[in-house]
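Subject: Handover of a structure, with findings

Dear colleague,

Please find below the structure that I am handing over to you.

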Amino acid sequence: SGGFLLPFWSSGMLGDLENGQVDLAMVLVGFLYYLTLYSVVIFCNVAVVAGALIRLQGGDPTIRDGFDAAFDRLPAIIGYAAIAATVGVALRYVAERTGPIGRLVMGALGVAWSLATFLVAPVLVVEGVGPVRAILRSSSLLQGTWGEQVGGNVGIGLVFGIVSLVTIVVGAGTFALVVDASAYAAAAIMVTTIIVVAGLALVSTTLEAVFTASIYRYAITGEGGSQFPDGTMRDAFGPRS
């Protein structure tokens, strides 16, 4: 993030941003930020999904297996990241320049985009298609599993969101109690809280990737894999009537 904040700061664009002024340079830097961020996130997500798919098939994946699969699909990952960055910047740009109704509409479009691209990572890993076809394929698979995808992600996000919130509240309260007595103890509490919250985010993201791999495998084969009984998968991910 610092690498992208530096151009804003050195050129005075941060001041323009605070004044509500946006020019082409700011949009370009913002797009490059989104592209880099999305590329890293999608690359890691694809690596985790690849490992999860191997495990679901009864294999014993290693970290290298996941990253090898991600590197094999690197051009498609970057292509998809460019599409996702374009959509992200466009939605954010329009949302910031419209009223409450416009922001609600953009928010709904963002949710629809997230759902339509939910299975892009396993599609890229397994089917070896390009980014556009991966989005279309994910969207078509979504038709039979949309309710389960929403429910699963809300469940995972809600649980870890609550745990993270509790961690932050406890950390902030403890920090306030000890800051006057010991600055070192307060700093240690702050650092510990940050590490715990980051760890929870990492675990949550990993579980969501495994969930994505599981629902993709079931959507394609109708089988839960070696880690999940078919009955459990059918009850959890079966299409809604």
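Conventions

This is a predicted model, in which local features need pLDDT of at least 70 and side-chain atom pairs count only at pLDDT 80 or more, while totals for chains, interfaces and linings use all residues. Residues are numbered from 1 along each chain as its sequence is written, and side-chain values use heavy atoms, with hydrogens and water left out.

Confidence

The mean pLDDT (the predictor's confidence in each residue, from 0 to 100) is 77 for the protein, and 76% of the residues score at least 70. Over residues 1–5 the pLDDT is below 50, and this stretch has five contacts (heavy atoms within 4.5 Å) beyond near neighbours in sequence. Residues 236–241 also stay under 50 in pLDDT, and for them the model has 16 contacts beyond four places in sequence. Among the elements, the lowest mean pLDDT, 46, belongs to helix H2 (residues 13–18), and the highest, 91, to helix H4 (residues 63–72).

Overall make-up

The protein has ten helices and zero strands; these are DSSP runs, with H or I over at least four residues for helices and E over at least two for strands, numbered from the N terminus. Of the 241 residues, 33% are buried, where buried means under 20% relative accessible area, exposed over 50%, and partly exposed in between, with a 1.4 Å probe and protein chains only. Among contacts with a separation of 6 or more, 66% join residues 24 or more positions apart. The accessible surface comes to about 13,800 Å², and carbon and sulfur atoms hold 69% of that surface; the areas come from the Shrake-Rupley method with a 1.4 Å probe, and for residues only the protein chains shown count as cover.

Nonpolar surface patch

A nonpolar patch on the surface is formed by Ile63, Phe67, Phe71, Leu74 and Ile78, which together have about 480 Å² of accessible area. The elements giving two or more residues to the patch are H4 and helix H5 (74–95), and H4 supplies the largest share, three residues. Patches are made of residues with over 30% relative accessible area and no salt bridge; like charges are joined within 9 Å, and nonpolar side chains (Val, Leu, Ile, Met, Phe, Trp, Tyr) within 5 Å.

Salt bridges

The structure holds three salt bridges, each defined as a side-chain nitrogen of Lys or Arg within 4 Å of a carboxyl oxygen of Asp or Glu.

- Asp60 and Arg55 are joined at 4.0 Å, N to O. Asp60 is exposed at 65% relative accessibility, whereas Arg55 is partly exposed at 39%.
- Asp68 and Arg64 are joined at 3.6 Å, N to O. Both residues lie in helix H4, four residues apart, which is about one turn of the helix. Asp68 is partly exposed, at 35%, and Arg64 is exposed, at 63%.
- Arg137 and Glu127 are joined at 3.0 Å, N to O. This pair links distant parts of the chain, with Arg137 in helix H8 and Glu127 in helix H7 (residues 120–127), ten residues apart. Arg137 is partly exposed at 31% relative accessibility, and Glu127 is partly exposed at 29%.

Ser138 lies in helix H8 (residues 131–178) and counts as buried because its relative accessibility is 1%. A polar atom of the Ser138 side chain lies 2.7 Å from the backbone oxygen of Ala116; a polar contact is a pair of N or O atoms within 3.5 Å, where, within protein, one must be able to donate a hydrogen and the other to accept it, and residues adjacent in sequence count only if both atoms are side-chain atoms. Leaving out residues up to four places away in sequence, Ser138 touches Ala116, Thr117, Phe118, Leu119, Val120 and Val123.

Thr117 is in the loop between helix H6 (100–116) and H7, and is buried, with a relative accessible area of 10%. The Thr117 side chain reaches the backbone oxygen of Ser114 at 3.4 Å. Beyond four places in sequence, Thr117 is in contact with Tyr80, Ile135 and Ser138.

Yours sincerely
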